[in-house]
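Please read them with the structure open beside you.

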Amino acid sequence: ILSTARLEALAERYPGELSGGQQQRVSLARALVVEPETLLLDEPLSNLDANLREEMRFEIRRLHDQYRYTTVYVTHDQAEAMTTADLIAVMNKGRVEQLGPPEEIYARPRSEFVARFIGGSNVLAATALDETRVSVAGSVLRTTGRKLVAGRPVAVSVRQHEVEMTGEAPPSGAENRLHGVVTRQVFLGSTRDYTVTLDDKAELRVTAPPAQNMEPGRSVWLHLPAEQCRALAEE
């Protein structure tokens with residue numbers, strides 16, 4: 001089991017001589033050596049730094065694939081859940097709001113809670129115009145997800161990285177365009193993180209390429225692709 005956990009070279013060391021990641025591997029090895037039918041992991045990586053957490057995510061998944069035991073893995077870190085799980089159960093106040101593969105949970109959230117919790121979504125308060133279109137901040141958005149009832153309030157989710165931002169006004173009458181003003185910009189290296197305040201004072205988060213530099217105070221237009229605007233189930 002030391003070999004499986006890549007700990008053979010450390011077999012003669014004392015616990016105090018091991019790094020945090022190595023100690024986590026020892027804990028996993030101790031659990032696996034008894035050949036459990038079910039492995040229970042409760043936030044096993046919470047005390048590790050970011051680099052070690054990323055390494056151990058893949059290590060846990062590798063060991064699972066090798067031994068094929070059932071694992072129940074509790075975490076608040078969505079990256080851990082997406083990396084390690086075949087099925088994700090998103091829980092809210094002790095109730096499972098959605099259960100499914102990582103791709104389904106991410107791409108097709110059923111509720112506002114799931115949309116906000118997984119993957120960095122904007123959730124817009126809208127009013128249904130017909131079965132597929134809603135009104136937001138004086139503009140019309142075409143949506144997917146479910147049939148709407150005209151006049152009813154509806155929450156619409158769109159991922160931050162799916163929003164396209166430009167300084168040029170769209171053609172007159174174009175759908176799925178919102179006007180706003182940049183109120184915050186943070187450079188993160190591989191991306192820029194923007195907050196844009198819409199005309200109705202609602203705020204939208206936008207993840208943009210690092211080369212797209214929009215200063216706070218600039219007027220911008222946002223394109224929210226219809227296939228990415230998901231009408232969520234009523235609470």
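**Notes on the model**

1. At a relative accessibility of 84%, Lys93 counts as exposed, where exposed means over 50% relative accessible area, buried means under 20% and partly exposed lies in between (1.4 Å probe, protein chains only). Lys93 sits in the loop between strand 3 (88-92) and strand 4 (95-100), and although Lys93 is not a glycine, its phi is positive, at about 55°. Helices (H or I, at least four residues) and strands (E, at least two) are DSSP runs, numbered from the N terminus.

2. On the basis of these notes: this is a predicted model, in which local features need pLDDT of at least 70 and side-chain atom pairs count only at pLDDT 80 or more, while totals for chains, interfaces and linings use all residues. Residues are numbered from 1 along each chain as its sequence is written, and side-chain values use heavy atoms, with hydrogens and water left out.

3. Glu43 is another residue other than glycine with a positive phi, in this case near 45°. Glu43 belongs to the loop between strand 1 (38-42) and helix 2, and with a relative accessible area of 29% Glu43 is partly exposed.

4. Helix 1 (residues 20-32) packs against helix 2 (residues 50-67) at an angle of about 20°, the axes being 10 Å apart; axes are lines fitted to C-alpha atoms, for helices over the stretch in contact, and angles run from 0 to 180 degrees between N-to-C directions. Helix 1 and helix 2 are therefore roughly parallel to each other, a description that applies to angles under 35 degrees, with over 145 counting as roughly antiparallel, 65 to 115 as roughly perpendicular and the rest as oblique. The contact (heavy atoms within 4.5 Å) involves residues of both helices, among them Leu28 and Leu32 of helix 1 and Ile60 and Leu63 of helix 2.

5. Strand 14 is joined to strand 8 (residues 153-159) by 2 bridges in the antiparallel sense, and Arg230 of strand 14 is the bridge partner of Ser157.

6. Ala137 is partly exposed at 25% relative accessibility, and, leaving aside neighbours within four places in sequence, Ala137 is in contact with Leu198 and Asp200. In strand 7 itself, Ser139 and Leu141 form the covered face, whereas Val140 and Arg142 form the uncovered one.

7. A further open sheet of 5 strands has the order 9-13-10-11-12, again with antiparallel pairing. Its edge strands are strand 9 (164-166) and strand 12 (203-208), each of which pairs on one side only. Strand 11 (residues 192-198) and strand 12 run antiparallel and are joined by 6 bridges, with Val206 in strand 12 as the bridge partner of Tyr194.

Notes. Pairing = 2+ DSSP bridges.
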